[in-house]
Amino acid sequence: MTEPRPTADSAHPPSPAVSSLIARAARLHYEFSLTHQETAAALGVTRVKVTRLLKQAREAGIVRITVLSDLSPFAEVEERLARAVGLREAIVVPAPGGHGNSPRSMLARGTASYLERVMRDGLVVAVGLSRTVAEVPAWLGDPRLARASFVSLAGALPAGGHGSGNPYEATDALAAAFGGTAEHLHAPVIVQSDEAARVLRADPAISRTLERAVTADVALVGVGGRADRIDFQQGAQVTAAEWASLLAQGMVGDVGGRFFDRGGAEIEHELNRRVIGLSLEEFRKIPVRLVAAGGTSKTEALAAALEGGLITVLVTDVTTANTLIEGA
């Protein structure tokens with residue numbers, strides 16, 4: 001597990017004096033194995049101050065912690081979950097708490113660890129709409145270079161829409177991290193009409209990208225729920241009446257912009273016909289379908305996606321995992 005890579009746009013970088021103190025505290029504690037109290041005495045500061053300095057050192061990327069073991073702290077829960085719902089593999093991460101890590105960050109860490117483990121030359125990864133997936137590149141520790149390909153499996157949200165789950169940035173960042181290539185689907189995820197969708201899907205560039213995505217080895221996506229999800233209602237793509245109609249037909253979630261019911265089946269609805277992306281039938285053809293999602297608002301959608309065979313590898317938090325086991 002690693003701390004995220006430092007970003008170049010830190011709002012308030014520490015002063016040189018503070019930076020020096022952070023580095024000194026980090027070396028004393030991590031390199032020379034001094035306790036917090038001993039580090040505090042050596043620097044002439046309080047123990048509480050040392051704790052803060054070490055936290056800053058990790059956040060700034062001065063310290064990176066790598067655990068050289070693949071043993072999961074939730075191995076028993078992972079085995080139970082995989083067995084209960086028929087997964088190839090389950091990756092369970094801690095439930096969000098008061099430690100400053102967001103639920104998405106926890107899930108992104110687990111997903112990043114899985115990708116680093118399975119990445120190889122020639123692998124093709126289809127990347128979908130997901131705010132969690134968008135965070136994954138930041139949590140890659142030391143990814144080995146691989147001649148892998150990353151391709152978008154759905155179009156993008158309109159510029160300025162709520163949330164940042166467009167596949168373009170994640171696809172580019174993953175390709176850069178692993179030394180692979182990126183291929184984008186240059187189209188909106190939902191267009192204005194069936195006719196517009198047919199025209200776009202017939203475009204050689206778009207059809208070629210979709211064909212590439214459907215033959216991928218791994219799909220990397222999130223699952224949207226009815227309440228906690230990327231907001232497809234932004235802009236003119238989806239009217240309030242269309243959204244109400246979709247809910248009335250039993251929609252509980254979406255994958256890559258494709259809406260499904262409680263059985264995990266794609267709903268026969270105009271909105272699904274207007275999506276530029278893989279259908280759920282096409283999505284199921286991808287051998288490894290890696291989904292990162294968790295939390296109360298996603299439980300219903302995850303249970304439906306599992307019921308419909310949309311997931312083969314699931315990254316979720318321990319609370320959601322136990323809820324899914326109980327439901328199964």
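Trp243 and Phe259 are both buried, in a model that is predicted rather than determined by experiment. By the ring-centre rule applied here, the count of aromatic pairs comes to two. In one of them, the rings of Phe150 and Phe178 have their centres 6.0 Å apart and their planes at 20°, and since planes under 30 degrees apart count as stacked, the pair is therefore described as stacked. Because Phe150 belongs to strand S3 (residues 149-152) and Phe178 to helix H7 (residues 167-178), this pair ties together parts that are 28 residues apart in sequence. Phe150 and Phe178 are both buried. Trp243 and Phe259, by contrast, form an edge-to-face pair, with 5.8 Å from centre to centre and 80° between the planes. Their pairing also links distant parts of the chain, with Trp243 in helix H10 (residues 240-248) and Phe259 in strand S8 (residues 258-260), 16 residues apart.

These pairs sit within a protein of 14 helices and 10 strands, where buried residues make up 48% of the 328 residues. Among contacts between residues at least 6 apart in sequence, 72% join residues at least 24 apart.

Strand S3, which holds Phe150, is also part of an open sheet of seven strands, whose order is S1-S10-S9-S5-S2-S3-S4 and whose pairing is parallel. Strand S1 (89-93) and strand S4 (181-183) stand at the edges with a single partner strand each, so that one side of each has no neighbour in the sheet. On average, and with direction ignored, neighbouring strands of this sheet are turned by 20° against each other. Strands of a sheet pair through backbone hydrogen bonds, either parallel or antiparallel.

S10 in turn pairs with S9 in the parallel sense over three bridges, and here Ala292 stands opposite Val315 in S10. On the next step, four bridges join S5 to S9, again running parallel, and Val221 has Val291 in S9 as its bridge partner.

Strand S9 deserves a separate look. Five of its five residues are buried, which means that the strand is largely enclosed by the rest of the structure. Val288, Leu290 and Ala292 point one way from S9, whereas Arg289 and Val291 point the other way, and all are buried, a description that includes the charged residue Arg289. Helix H5 (residues 103-118) lies across S1, strand S5 (218-221), strand S9 (288-292) and S10, and runs at about 140° to S1.

Sorted by class, the contact of H1 with H3 has nine nonpolar, two polar and two charged residues.

Terms used
Residues numbered from 1 in each chain as written. Predicted model: local features only at pLDDT ≥ 70, side-chain atom pairs only at ≥ 80, totals over all residues. Heavy atoms only, no water. Pairing = 2+ DSSP bridges. Helix = DSSP H or I, 4+ residues; strand = E, 2+ residues; numbered from the N terminus. Axes fitted to C-alpha atoms, helices over the stretch in contact; angles between N-to-C directions. Contact = heavy atoms within 4.5 Å. Phe/Tyr/Trp six-rings, centres within 6.5 Å; stacked < 30°, edge-to-face > 60°. Buried < 20%, exposed > 50% of the residue type's maximum accessible area, 1.4 Å probe, protein only.
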